Amino acid sequence: MFDSIGWGEIVVLALAALFIFGPDRLPSLAKDAAAGIKKVREAITGVRGQLHDSLGDDFDHLRDIDLRQYHPKTFIRQQLLADDDDVPVRRGSATGTAGAAAAATAGRVRPSQMSRGRDSATPPPFDADAT
């Protein structure tokens, strides 16, 4: 918690507290701060115990989860660079209604096919669910 604060900064803070609060009130403030920290630690321990009681074995599993894998950049990168060669594409008209022929020919298109030029007679891919 205090990795970036050195002993010099702690001494400066202690001297500033001594000048601000005075030598008479400083011991009682330190005692109150220690009691507050103790209450917070007990509350955190109680919450952790309640979670462990209610979740049981799942609580230990949650402790091992790497939350970095759920970062949006990481998640999108994993989805885009997946090993799946086939990408589903729905074809239809611009109004969102797919004709019988377009519905029959709708299928999976490989990424290598997507980079090629498109025939002007074929309507562009359209996803009615996305609009």
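Tutor: Helices (H or I, at least four residues) and strands (E, at least two) are DSSP runs, numbered from the N terminus. F19 sits in helix α1, residues 7–55. Residues are numbered from 1 along each chain as its sequence is written. This is a predicted model, where local features need pLDDT of at least 70, side-chain atom pairs count only at pLDDT 80 or more, and totals for chains, interfaces and linings use all residues; side-chain values use heavy atoms, without hydrogens or water.

Now look closely at F19. F19 is exposed, at 70% relative accessible area. Exposed means over 50%, buried under 20%, and partly exposed in between (1.4 Å probe, protein chains only). Patch residues have over 30% relative accessible area and no salt bridge; nonpolar side chains (Val, Leu, Ile, Met, Phe, Trp, Tyr) are joined within 5 Å, like charges within 9 Å. A salt bridge puts a side-chain nitrogen of Lys or Arg within 4 Å of a carboxyl oxygen of Asp or Glu.

Next comes a patch of another kind. D57, D58, D60 and D64 form a surface patch of negative charge. Asp and Glu count as negative, Lys and Arg as positive. D58 belongs to helix α2, residues 57–63. D58 is partly exposed, with a relative accessible area of 49%.

Follow the chain on to Q69. Q69 lies in the loop between α2 and α3 (72–80). Q69 is partly exposed too, at 33% relative accessible area. Leaving aside residues up to four places away in sequence, Q69 touches T74, F75 and Q78. Such a contact means heavy atoms within 4.5 Å.

Finally, step back to the whole. The protein chain has 5 helices and 2 strands. Their order along the sequence is α-α-α-β-α-β-α. Of its 131 residues, 5% are buried. The accessible surface is about 11500 Å², and carbon and sulfur atoms account for 60% of this area. Areas come from the Shrake-Rupley method with a 1.4 Å probe; for residues, only the protein chains shown count as cover. Among contacts between residues at least 6 apart in sequence, 46% join residues at least 24 apart.

Terms used
Charge placed at Lys NZ, Arg CZ, Asp CG, Glu CD.
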